[in-house]
Amino acid sequence: MTTTSGHPGIGKNHQHQALDADAGDELRGMVKLRSVKKIYPNGSCGLLDVNLEVKRGDFIFVTGPSGSGKSTLLKLLYGEERPTDGEVIVDNCNVGQLRGHKLSLLRRRIGVVFQDYKLIPRRTVTENISFVLWAQGFTHKEIERRLVPTLKLVGLQHKASCFPEELSGGEQQRVSLARAIVGTPPLLLADEPTGNLDPDNSASVLKILQKLNNFGATVIVTTHDERLLRMANKTVVQLRDGQLFQG
Ligand SMILES: Nc1ncnc2c1ncn2[C@@H]1O[C@H](COP(=O)(O)OP(=O)(O)OP(=O)(O)O)[C@@H](O)[C@H]1O
């Protein structure tokens, strides 16, 4: 990486699909930010002249104080925000210029895990996870085929019929992880995925992220969690006042 990292245990076929799609691409970057600046309409500075390159298969942490621009960086990567200046390239697409269907297509290749889970309250664990696939037009059979191994990977087979309110915070976070990975995206973004979790639950989330990375997914995680950084022992970049520093 310069400041310039398979997949869910969804079965070997899927791992291979994910990896095959990347075959021959591996030397190309998954994420490239060139002189990226983000100033919000109210004048707040999100990012200032950020350059970052993340290669396929990398696993990096982005850390930094509250308000330093961590969420802004992830939002630019999945196109929720557009840069004021500079280029945001994800999987060879210039995200800032994508609109409508093209942006939706890119987003299918990006799994996002939010700190506040964003689960649908009146839907079961199974429904929350399958919804993404259903929305993408997967067949019922394909959804079934992916569901069980994904539930297994996050350790929630026994909670498949529960509603979010019947789950602990750690379990809800694992449902949100399952939802992000069930489509086998080559890029996984996680915004403070252990922000609300105790050390045991944080460790299990980290294990799942590492497993996905071992299967070939590129993983970018924002965190304040020093314990998580020590446990993971991966590349860390720091944001301070919208500027990026290595290590
Ligand atoms: N939608 C928005 N409109 C205006 N300003 C915003 C918006 N989103 C973020 N900001 C500002 O941009 C800066 C960076 O915010 P960001 O949420 O990226 O920080 P962060 O590092 O993720 O913080 P935290 O760790 O508290 O989540 C902050 O000054 C924030 O107030």
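User: What makes the crossing in which α6 passes α7 right-handed or left-handed?

Analyst: In this predicted model, α6 passes α7 in a right-handed crossing; a crossing takes that name if the near helix is turned clockwise from the far one by less than a right angle. The axes of helix α6 (residues 169-181) and helix α7 (residues 199-214) cross at roughly 10 degrees and come within 10 Å.

User: Which word describes how α6 and α7 lie to each other, roughly parallel or roughly antiparallel, and why?

Analyst: Angles under 35 degrees count as roughly parallel, and the two axes cross at roughly 10 degrees, so α6 and α7 are roughly parallel to each other. Their contact is made by Gly170, Gln173, Leu177 and Ile181 on the side of α6, and by Asn201, Val205, Ile208 and Leu212 on the side of α7. By class, the residues of this contact divide into 5 nonpolar, 3 polar and no charged.

User: Why is α4 described as roughly parallel to α6?

Analyst: Helices α4 and α6 pack with their axes 8 Å apart and at an angle of about 25 degrees, and because angles under 35 degrees count as roughly parallel, α4 is roughly parallel to α6. The crossing of α4 and α6 is right-handed. Val125, Asn128, Ile129 and Val132 of α4 make the contact with Val175, Ala178 and Arg179 of α6, and the classes in this contact are 5 nonpolar, 1 polar and 1 charged residues.

User: Which residues of helix α4 are buried, and what covers them?

Analyst: In helix α4 (residues 125-135), the buried residues include Val125, Thr126, Asn128, Ile129, Ser130 and Leu133, a word used if 20 or more other C-beta atoms lie within 10 Å of a residue's own. What covers the buried residues of α4 includes α5 (140-153) and α6. After α4 comes glycine 137, whose phi is positive, near 85 degrees.

User: What makes asparagine 92 buried or exposed?

Analyst: With 11 other C-beta atoms within 10 Å, asparagine 92 is exposed, because the cut-off for that word is 12 or fewer. Asparagine 92 lies in the loop between β4 (85-90) and β5 (93-94), and the phi of asparagine 92 is also positive, near 65 degrees, in a residue other than glycine.

User: How do you know whether arginine 240 is buried, partly exposed or exposed, and which residues is arginine 240 in contact with?

Analyst: Arginine 240, found in strand β9 (residues 235-240), has 13 other C-beta atoms within 10 Å and is therefore partly exposed. Leaving aside its neighbours within four places in sequence, arginine 240 is in contact with Gly64, Pro65, Ser68 and Phe245. Arginine 240 and serine 68 are 172 residues apart in sequence, yet 5.0 Å apart in space, C-alpha to C-alpha.

User: Which residues surround the ligand, and how do they divide by class?

Analyst: Around the ligand are Tyr40, Asn42, Ser44, Gly46, Gly64, Ser66, Gly67, Ser68, Gly69, Lys70, Ser71 and Thr72. The residues of this shell divide into 1 nonpolar, 10 polar and 1 charged, and the largest share of the shell, 3 residues, comes from helix α2 (residues 70-77).

Technical notes:
Residues are numbered from 1 along each chain as its sequence is written. This is a predicted model: local features need pLDDT of at least 70, side-chain atom pairs count only at pLDDT 80 or more; totals for chains, interfaces and linings use all residues. A residue is near a molecule or strand if its C-beta atom, placed from the backbone, lies within 6 Å of it. Helices (H or I, at least four residues) and strands (E, at least two) are DSSP runs, numbered from the N terminus. Ala, Val, Leu, Ile, Met, Phe, Trp, Tyr, Cys and Pro count as nonpolar, Asp, Glu, Lys and Arg as charged, and the others, Gly among them, as polar. Axes are lines fitted to C-alpha atoms, for helices over the stretch in contact, and angles run from 0 to 180 degrees between N-to-C directions. Angles under 35 degrees count as roughly parallel, over 145 as roughly antiparallel, 65 to 115 as roughly perpendicular and the rest as oblique. Two residues are in contact if their C-beta atoms, placed from the backbone, lie within 7 Å.
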